[in-house]
Amino acid sequence: MGIVHGEEMVLNIGPQHPSTHGVLRLKVHTDGEVVSKIIPYIGYLHRCFEKHCENLSYEQIIPFTDRCDYIGSMNNNFGYVVAVEEMMDIQVSEKVEHIRVIMAELNRIASHLLALGTFGMDVGAFTPFLYMFRDRERILDLFEITCGARLLYNYMWVGGLSHDLPVGFVEKVYKFLDYFEPQLKEYNDLLMYNKIFIERTADVGVLPPEVAVNYGVTGPNLRASGIKWDLRKNESYSIYDSFSFEVPVGKGQMGTIGDCWDRYWVRAEEMKESIGIVRQALKTLPVEGDVHEAMPKKIRPPKGSIYKRTESPRGDLGFYIISDGSPSPTRVKLRSPAFTALGALSAIAEGWMISDVIAILGSLDIVLGEIDR
Amino acid sequence: MNPENILNILRERFPRSVVEMEEMPDNYIPLLPDNWFEIATLLQENPDLQFDSLQCVTGIDLAEDLLEVRYNLHSMVHLHKIEIRISVPKDKPKIPSVEKIWRVGDWFERETYDMYGIVFDGHRDHRRILLPDDWEGWPLRKDYETQETYHGIVVPKVKEEWE
């Protein structure tokens, strides 16, 4: 690459560009087709989440966490309530834990479906996107019958859940899983093992493991680089330690470890593992029990601070909460996995062609709502 | 390695940088800003410590003319973690940048600067990140007041009551 040398040209991608997954502006310095420098500009979706939190009570913050990462809202709720519960030393019942895990894993599948679908669309495959959205819709329907909302759930509360599971939910989930499992193979045949897709993604945008750690890349992107690190296993929270599941890591089957194809493959494998977790949780789900049982009358964590991280579909989702004992927190900081992943974009994508940059950006699976907060 | 051992290593190498308190906290280490870059290098390179990942950088306004930055570090090798706290006065908020050691710190520090106006000395790309470059003030400070107009547009004041 870089054989033809011309004048440097500055190309502005975004802020409204279909392949940027939100409102993101990239200032790209190019030499011919080859990208020499990328400067991301963010903040178009800044909604002052952290400033709002200082004036809201703890329970009022939960709907705001929904709106940060609107693709994986359940996981955002989960991360926040786990942090507050640890501060207040609340133990929730087995039933609540089971339902939370089921919801979080279903949401992970939905999030990965969107990630893979849009990734496919970024590199020119439109059909798989429609198929994946169709199945994502089935998961959203399950959420809808549970809490009434399709995207912004406000479902997990401190010490419990907003609603118990509706009648017939378990059967519906089983039915969905039985339908969905064979679909995965179809997607893989359609997109992952498609020759054109492999040509576009294998060996492209390789992220070496030590660079990934240094840039704070987490989640599926880190695992694709060959590091077996999953907070559900390594820093187990809730009841994840009672389920058996594998942590898929990139193997470089089509090219090099840590290329775009590996990032796709890890997500595809993770969906299978999530299905396994949901099945196990459904099997041991207690029928009796009140989901409001452990909910405190007043949420006033003792003075102090906590940094708690959980595994969201995009990686380490951290909440740094400082309490002074009053009904609203002194400070809430959200450490967003997409924020750090986008921060690593220039390290991965410089030296590749413009079309590869779009593929790399798609493979990182960023959500601008979470980056800008 | 637990926080106490880490504290002892730091005390040995940088005796003047550790803020000594009557009762040393067990979950974090308070430091002075002066040698932070050297300490961070030690934290990353010492084979017993190897803090290779910077998890989170949080700024806080401690209200009494003090700003604080908290760094959450984690080691993927030894699986231990530590929190570093550095306080700076509001009228001279300056902390050495660690962006060269942990590249993830690049955006984290820009964000902290954006929200609190803390200057990270030695940062190679020191500008605002989430807010526009010409925004006035530091929004997450407790004494922040919204600017009255922005490019001729009136910025609505915060409402006292919920409507």
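## Basis of the model

Residues are numbered from 1 along each chain as its sequence is written, and chains are lettered from A and ligands numbered from 1 in the order in which they are written. As the model is predicted, local features need pLDDT of at least 70 and side-chain atom pairs count only at pLDDT 80 or more, while totals for chains, interfaces and linings use all residues.

## Chain A

Chain A contains 15 helices and eight strands; helices (H or I, at least four residues) and strands (E, at least two) are DSSP runs, numbered from the N terminus. Its C-alpha atoms fill a box of roughly 70 × 45 × 35 Å along the principal axes. The radius of gyration of chain A is 21 Å, which agrees with the value near 21 Å for a compact globule of 373 residues. This radius is taken over C-alpha atoms, and the globule rule is 2.2 Å times the number of residues to the power 0.38.

Of the 373 residues of chain A, 51% count as buried. A residue is buried if 20 or more other C-beta atoms lie within 10 Å of its own, exposed if 12 or fewer, and partly exposed in between, with C-beta atoms placed from the backbone. Among contacts in chain A between residues at least 6 apart in sequence, 71% join residues at least 24 apart; a contact requires C-beta atoms, placed from the backbone, within 7 Å.

The largest nonpolar core has 140 residues, and Val84(A), Val357(A) and Ile360(A) have the most contacts inside it. Helix H4 (residues 94-122) of chain A gives the most to this core, with 14 residues. Such a core is a set of buried Ala, Val, Leu, Ile, Met, Phe, Trp, Tyr and Cys residues joined through C-beta atoms within 7 Å. Beyond its neighbours within four places in sequence, Ile360(A) touches Val204(A), Gly205(A), Cys260(A), Ile348(A), Ala349(A) and Trp352(A).

The axes of H4(A) and helix H14 (residues 354-364) of chain A come within 8 Å and cross at roughly 175°, which makes the two helices roughly antiparallel (an angle over 145 degrees). Axes are lines fitted to C-alpha atoms, for helices over the stretch in contact, and angles run from 0 to 180 degrees between N-to-C directions. Thr118(A), Phe119(A) and Asp122(A) in H4(A) meet Ile358(A), Ala359(A), Gly362(A) and Ser363(A) in H14(A).

Chain B has three helices and eight strands, in the order α-β-α-β-β-β-β-α-β-β-β along the sequence. Of its 163 residues, 35% count as buried.

In the contact between the chains, 20 residues of chain B meet 22 residues of chain A. Strand E2 (53-61) and helix H3 (105-116) of chain B are the elements that give two or more residues to the side of chain B that touches chain A, and E2(B) gives the most, with six residues.

## Residues with positive phi

Most residues other than glycine have a negative phi. Ser238(A), not a glycine, has a positive phi of about 50°. Ser238(A) lies in the loop between helix H10 (231-234) and helix H11 (260-284) of chain A and counts as partly exposed, with 19 C-beta neighbours inside 10 Å.

Leu79(B) likewise has a positive phi, of about 55°. Leu79(B) is in the loop between strand E3 (66-74) and strand E4 (81-89) of chain B, and counts as exposed with 10 C-beta neighbours inside 10 Å.

Terms used
Two residues are in contact if their C-beta atoms, placed from the backbone, lie within 7 Å. Angles under 35 degrees count as roughly parallel, over 145 as roughly antiparallel, 65 to 115 as roughly perpendicular and the rest as oblique.
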